[in-house]
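Hi everyone, thanks for coming. I'd like to walk you through one structure today, so please have a look at it with me.

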Amino acid sequence: KDVFFCYQENDTKILDEQSKEIFTEYQEVEPLRLQNISSDLMYEKTVLKYSKDGKFGIIDFNGKKITSAKYEEINTLQFKEGELLVKEEAKYGVININGATMVESEYDKIESDKYYDKNEGYKKSGYIVSNRTEEGYRYGYVSESGKKYLDTKYNDIFRILEIRDEDVFIVAAENGKYGIFKNAENVISNDYQAFSYDKNNNL
């Protein structure tokens with residue numbers, strides 16, 4: 001659908017393909033630029049951000065409201081097109097472009113684990129979540145379907161990206177010692193200082 005954002009000094013107008021002004025019922029409407037795309041012309045293709053009374057929600061390109069304006073912030077999530085990073089009561093979560101919650105708003109930081117598949121792109125990548133503590137950040141893991149695998153109690157977490165499998169293999173450090181989890185199951189206890197694996201992904 002053709003939607004044109006026209007900027008002139010402090011004035012912004014949003015027009016359709018016939019130069020008719022649209023979305024006038026909303027206080028402010030903005031496009032959501034994708035963070036992992038280098039071009040400034042790459043935006044979320046089906047939703048827009050609007051504001052009301054200092055908070056934000058999303059609408060579709062027909063002006064239909066998808067969520068109420070209840071979020072303190074809405075931004076795109078790097079590597080996860082079609083998903084949005086939202087801030088609610090000072091904590092971050094993730095929703096999709098249909099407004100469904102993917103990750104509950106209970107974290108100080110959320111990022112993609114960067115898992116990539118040549119057929120599905122970053123669709124199967126999960127989320128590394130973290131909360132700030134007096135000792136620094138502590139990390140946990142949420143699957144791409146929104147299931148919490150690991151609580152935010154680890155000093156470091158990363159996914160083994162080279163393992164192409166339906167299961168997620170996660171390396172997590174606790175008190176300076178590393179272990180490995182298959183989804184939520186601890187398959188190698190946290191007794192080691194480091195891990196390495198060969199070209200066949202044998203640890």
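I'll go through a sheet, then the ring pairs, and then the salt bridges.

A quick word on the ground rules. This is a predicted model, where local features need pLDDT of at least 70 and side-chain atom pairs count only at pLDDT 80 or more, while totals for chains, interfaces and linings use all residues. Residues are numbered from 1 along each chain as its sequence is written, and side-chain values use heavy atoms, with hydrogens and water left out.

Let's begin with the sheet. Strands here are DSSP runs of E with at least two residues, numbered from the N terminus, and two of them pair if DSSP finds at least two bridges between them. β3, β4 and β5 form an open, antiparallel sheet, in the order β3-β4-β5. β3 (28-30) and β5 (55-60) are at the edges with a single partner strand each, so one side of each has no neighbour in the sheet. On average, neighbouring strands are turned by 30 degrees against each other, direction ignored; the axes behind that angle are lines fitted to C-alpha atoms, and angles run from 0 to 180 degrees between N-to-C directions. β4, residues 47-52, is joined to β5 by six bridges.

Now, please find Lys49, which stands opposite Ile58 in β5. What does Lys49 lie over? The face of Phe56, at 4.8 Å from the ring centre. For that, NZ of Lys or CZ of Arg has to be within 6 Å of the ring centre and within 35 degrees of the ring normal. Arg159 does likewise over the face of Tyr115, at 3.9 Å from the ring centre.

Lys49 also meets Glu30 in a salt bridge, at 3.9 Å from N to O; the term takes a side-chain nitrogen of Lys or Arg within 4 Å of a carboxyl oxygen of Asp or Glu. Lys49 is in strand β4 and Glu30 in strand β3, 19 residues apart. With a relative accessible area of 11%, Lys49 is buried, while Glu30 is partly exposed at 28%. The cut-offs are under 20% for buried, over 50% for exposed and partly exposed in between, with a 1.4 Å probe and protein chains only.

On to the aromatics: how many pairs are there? The count comes to five aromatic pairs. Rings of Phe, Tyr and Trp (its six-membered ring) pair if their centres lie within 6.5 Å; planes under 30 degrees apart are stacked, over 60 edge-to-face, and the rest tilted. Tyr26 and Tyr50 have ring centres 4.8 Å apart and planes at 50 degrees, so this pair is tilted. Tyr26 sits in the loop between β2 (11-15) and β3, and Tyr50 in strand β4, 24 residues apart. Both are buried: Tyr26 at 15% and Tyr50 at 2%. The rings of Tyr141 and Tyr149, with centres 6.2 Å apart and planes at 15 degrees, are stacked. Phe79, Tyr116 and Tyr122 are linked into a cluster by ring pairs.

Finally, back to charges. There are eight salt bridges by this rule. One of them joins Lys45 and Glu81, with the closest N and O atoms 2.8 Å apart. Lys45 is in the loop between β3 and β4 and Glu81 in the loop between β6 (73-76) and β7 (83-88), so the pair ties together parts 36 residues apart in sequence. Another salt bridge pairs Glu106 with Lys148 at 3.1 Å, N to O. Glu106 belongs to strand β9 and Lys148 to strand β13, 42 residues apart.

How values were computed. Helix = DSSP H or I, 4+ residues; strand = E, 2+ residues; numbered from the N terminus.
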